[in-house]
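Please read the following briefing alongside the sequence and the structure. It begins with one residue and its surroundings, and then moves on to other topics.

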Amino acid sequence: MDEGPLLSPTAGRLTMEVIRVEGLGKRFFIGGVQTKFRTARDAISDAFVAPFKRAASLLRGHATGAAELHETMWAFRNISFSVNQGEVVGLVGKNGAGKTTMLKVLSRITEPTEGSIEIRGRVGSLLEVGTGFHPELSGRENVFLNGAILGMRRTEIAAKFDEIIDFAEIGKFIDTPVKHYSSGMYVRLAFAVAAHLEPEILIVDEVLSVGDAAFQRKCLGKMGDVANSGRTVLFVSHNMAAVTQLCTRALLLENGSVAMDGAPHEVVSDYLARGVENQAEWQNPAPDTEAEVEVVAVRVKDAQDVLQPVINFKDPFQIEIEYEVREANRGISIAFQIVDSQGVVIWTSEDTDTPDVRDRMIMEPGTYVSTCHVPQGVLRPGRYFVNTGAHIRGVRIITGHQQVLAFDISSVGFNMPPGRQGVLAPKLDWDFRALEDRARVPQPQV
Ligand SMILES: Nc1ncnc2c1ncn2[C@@H]1O[C@H](COP(=O)(O)OP(=O)(O)OP(=O)(O)O)[C@@H](O)[C@H]1O
Ligand SMILES: [Mg+2]
C-alpha cells in the first residue's frame, strides 16, 4: 500500500488504520468443484460432507446432478469494518459462521467475491495446520521460507531463529522434514514462526486447540506480548475466556454479517447468552452395556432445576449425573470434573464426598441420579467442560467420559476487575484490625 497511512483523530491522538474492509463478501460453490485456492483440508472435508449434502437436498426434494453444481452460498456478505494499529480483535461466532473464511480472505489466501480490503503492514498468519509450511522442507528451512515470505532479510530471521526453536520446543527435530512432525509439533512451530517473525499484523485462527494446555497458555501469553508491543492481532477463538482476557475488541459474526462489534466482555456475554456453542445435556450415545456401572446422561441445571447451558456468575447451579447400576455393589462412587477452557482440571468431585452418600447401603441394579450442588460465585466467567465417570472406591475405575458437555459461566454478577488474576474467583471474608494504638507508635525523633 503506498497511499500513506490513514490518520484519524481519536480521543485527541492520532490512530492509524491498518485494516479496512468494505462491502466484503465471499461466495462458495457448494456441491460443485471450486478449484482455485482450495486447501487439502477443504478437499478432505468436502469429500465427507458432500454425500450428506446431496442426500439432504434429495430429501428436501431438490434435483440433483448438474444443476446442483452451481448452487452457491455466501459465507458472509456486505461486511465493513476497520481495525486500528495495536488493537487486538477477537472474532467469535458459532461453527460455520465464516470466521476462518474471513481470516483467509484477509490473509489473501482466498480471494473475496466482492468488496475491497486494504491492509498496511506485514501480515503473519496462522490459519490451519498446513498453511504456510512446505511438507518436504525441514523445520529450519520452513522458518527461513516463512520469514522470506514476510519480506524479512536472512540475517533478521537468523537473529530470531533460536528464540523460535526454543519457543516451539522442537529440539532435535529442527532438521527433520515437517511432514514427519506430529500435529502438536507442527502447530508449535507454525505459531512460533507466525508470532516471532515480527509481523505488523498477526492473524491466528483457533489452531491453539491442538496444543496441550501449557503450550496454549504460552501462545496466549505470546499474543499478549505481540499486542503490547503495539502490533495488531486478529484472533479467532471459541475460547471466550481467552477473548475477554486478550482482546481489546470483539466482533461477532452471525448469519454472514457482523452482529456485534464492541468491548469483548459485552460481545462475549451477549453471544453466550444466545445459548450457542454449549449444551446443557449430554446423553451417552454408546453406553457400555458390559460395565457394572455406566453413566447415561449428564445435565447442567440452574437452581430451579431447569436445563441451562449458561449459568450466571451470581447463581448457584447443579451438575446432575444419571447412571445405571447393573451389578449390585456398595462401593460405587460417581464423579465429575470441571475443566476450564485451557484444559486445567479445576476440581474433581465425588458423590461419596458427602457422608450420607458414602454410607449408602448396597445399590441394587437400576437407574440412579446423583446431583452436585455448586455454590454461586466460584467459577469465574468462561467456558467449562465436564468429565464424568464412576469407580469402586479404592478398587477400580469402571467408566470415564471426557468433555461430555460444555457450559458457560456468564459475567452477570461478576464485579471484580477483569484483570484480576486467578482460576477461581471466590469472594472470601476478610476483616482487619489495627495492630496497636496509633498514639503508641513511636514518632521519629527530630
Ligand atoms: N472451500 C469451501 N467450499 C464451500 N463451502 C465452504 C468452503 N469453506 C467454507 N465453506 C462454508 O462457508 C461457511 C463458513 O465456513 P468457515 O470455515 O469460515 O466457518 P468458521 O466460522 O470458521 O467455523 P468453525 O467455527 O467451525 O471453524 C460454512 O458454511 C462452510 O461450510
Ligand atoms: Mg474455522
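Phe-167 has its place in helix α4, where helices (H or I, at least four residues) and strands (E, at least two) are DSSP runs numbered from the N terminus. In this predicted model, local features need pLDDT of at least 70, side-chain atom pairs count only at pLDDT 80 or more, and totals for chains, interfaces and linings use all residues. Residues are numbered from 1 along each chain as its sequence is written, chains are lettered from A and ligands numbered from 1 in the order in which they are written, and side-chain values use heavy atoms, with hydrogens and water left out.

**Phe-167 and its surroundings**

- Phe-167 is buried, with a relative accessible area of 11%; buried means under 20% relative accessible area, exposed over 50%, and partly exposed in between (1.4 Å probe, protein chains only).
- Leaving aside residues up to four places away in sequence, Phe-167 touches Phe-191, Ala-192, His-196, Phe-215, Lys-218, Cys-219 and Lys-222, a contact being heavy atoms within 4.5 Å.
- The C-alpha atoms of Phe-167 and Val-193 are separated by 9.3 Å, although the two residues are 26 residues apart along the chain.

**Nonpolar cores**

- The largest nonpolar core has 48 residues, and those with the most contacts inside it are Ile-164, Leu-189, Phe-191, Leu-202, Met-223, Val-233 and Phe-235; such a core is a set of buried Ala, Val, Leu, Ile, Met, Phe, Trp, Tyr and Cys residues joined through side-chain atoms within 4.5 Å.
- Helix α5, which covers residues 183-196, gives the most to this core, with nine residues.
- In soluble globular proteins, nonpolar side chains tend to be buried together.

- Arg-108, which follows α2, has a positive phi near 65 degrees.
- In helix α3 (residues 139-149), the buried residues are Gly-139, Asn-142, Val-143, Phe-144, Asn-146 and Gly-147, and the buried residues of α3 pack against α4 and α5.

**Positive phi in residues other than glycine**

- Asn-78 lies in strand β3 (residues 72-84), has a positive phi near 55 degrees, and is exposed, with a relative accessible area of 59%.
- Glu-169 is found in the loop between α4 (154-168) and α5, where its phi is positive and near 55 degrees, and Glu-169 is partly exposed, with a relative accessible area of 48%.

**Thr-352 in a loop**

- Thr-352 lies in the loop between β16 (345-350) and α9 (355-358), and is buried, with a relative accessible area of 4%.
- Beyond residues up to four places away in sequence, Thr-352 touches Ile-332, Ser-333, Val-357, Arg-358, Arg-360 and Arg-393.
- Thr-352 and Ala-335 are 17 residues apart along the chain, and their C-alpha atoms are separated by 8.5 Å.

**The whole protein and the confidence of the model**

- The protein has nine helices and 19 strands, and 45% of its 446 residues count as buried.
- Of the contacts in the protein with a separation of 6 or more, 70% are between residues 24 or more positions apart.
- The mean pLDDT of the protein is 82, and 81% of its residues reach 70 or more, pLDDT being the predictor's confidence in each residue, from 0 to 100.
- Residues 1-12 have pLDDT below 50, and this stretch has 21 contacts in the model beyond near neighbours in sequence.
- Residues 34-68 have pLDDT under 50 as well, and the model has 24 contacts for them beyond four places in sequence.
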